[in-house]
Amino acid sequence: MAVIGTWFAAGTALACGTNPDLFFAESPQDVARAKELCAGCPVRAACLTGALQRGEPWGVWGGELLLRGTIVPTKRARGRPRKSEMAA
Ligand code: SF4
């Protein structure tokens with residue numbers, strides 16, 4: 001991730017650098033906010049590519065939510081799945 005490292009070294013403030021917890025949040029609202037912040041990031045594409053290559057276990061990277069190295073649309077809430085989810 002030389003590209004991202006260069007931005008950090010130059011003192012460029014990336015959204016994830018100023019509020020890193022938001023990018024590993026549990027709530028869907030916080031995950032959505034992190035995705036929004038990534039939208040304007042100058043290293044978004046490189047960030048996502050690197051995260052996929054590393055198989056990041058979780059978090060918002062490059063504007064996408066990753067779980068176990070794969071892009072997922074949303075994070076499932078904690079707890080037992082609803083019966084309607086299990087029937088599908
Ligand atoms: S795209 Fe990557 S580097 Fe940019 S704010 Fe999002 S998580 Fe941070």
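Which residue in S2 is the bridge partner of Val-60?

Modeller: The bridge partner of Val-60 in S2 is Leu-65. Before going on, please keep in mind that this is a predicted model, where local features need pLDDT of at least 70 and side-chain atom pairs count only at pLDDT 80 or more, while totals for chains, interfaces and linings use all residues. Residues are numbered from 1 along each chain, as its sequence is written.

The protein chain has five helices and three strands; both are DSSP runs numbered from the N terminus, helices being H or I with at least four residues and strands being E with at least two. Starting at the N terminus, the elements follow one another as α-α-α-α-β-β-β-α.

The three strands form an open sheet in the order S1-S2-S3, with antiparallel pairing. Here two strands pair if DSSP finds at least two bridges between them. S1 and S3 are the edge strands, each pairing on one side only. Neighbouring strands are turned against each other by 40° on average, direction ignored; the axes behind this angle are lines fitted to C-alpha atoms (for helices, over the stretch in contact), and angles run from 0 to 180 degrees between N-to-C directions.

Now to your pair. S1 and S2 run antiparallel and are joined by four bridges. Besides Val-60 with Leu-65, Gly-59 has Leu-66 as its bridge partner in S2. The two strands make a hairpin with two residues between them, and there Gly-62 takes a positive phi near 55°.

On to the next pair of strands. S2 and S3 also run antiparallel, joined by three bridges. Leu-65 stands opposite Val-72 in S3, and Leu-66 stands opposite Ile-71 in S3. This hairpin has two residues between its strands, and Arg-68 in the turn has a positive phi of about 50°, in a residue other than glycine. Arg-68 is exposed because 9 other C-beta atoms lie within 10 Å.

Val-72, in strand S3, is worth a stop. Val-72 counts as exposed, because it has 12 C-beta neighbours inside 10 Å. Not counting residues up to four places away in sequence, Val-72 touches Leu-65 and Leu-67; a contact needs the C-beta atoms of two residues, placed from the backbone, within 7 Å. Trp-58 is 14 residues from Val-72 in sequence, and their C-alpha atoms are 10.0 Å apart. As background, side chains in a regular strand alternate between the two faces of the sheet.

What does the sheet share with the rest? Val-60 and Leu-65 both belong to the largest nonpolar core, which has eleven residues, among them Cys-16, Phe-23, Trp-61 and Leu-66. Such a core is a set of buried Ala, Val, Leu, Ile, Met, Phe, Trp, Tyr and Cys residues joined through C-beta atoms within 7 Å. Helix H3 (28-39), helix H4 (44-54), strand S1 (58-61) and strand S2 (64-67) each supply at least two residues of this core. Ala-34 is another core member, and beyond its neighbours within four places in sequence, Ala-34 is in contact with Val-60, Leu-22, Phe-23 and Ala-25. Of the 88 residues of the protein chain, 14% count as buried.

A shell of 15 residues surrounds the ligand, the closest being Cys-16, Cys-38, Cys-41, Arg-44 and Cys-47; a residue is near a molecule or strand when its C-beta atom, placed from the backbone, lies within 6 Å of it. S1 gives two or more residues to this shell, as do helix H2 (15-18), H3 and H4. The shell divides into twelve nonpolar residues, two polar and one charged, where Ala, Val, Leu, Ile, Met, Phe, Trp, Tyr, Cys and Pro count as nonpolar, Asp, Glu, Lys and Arg as charged, and the others, including Gly, as polar.

Terms used
Buried ≥ 20, exposed ≤ 12 C-beta atoms within 10 Å, placed from the backbone.
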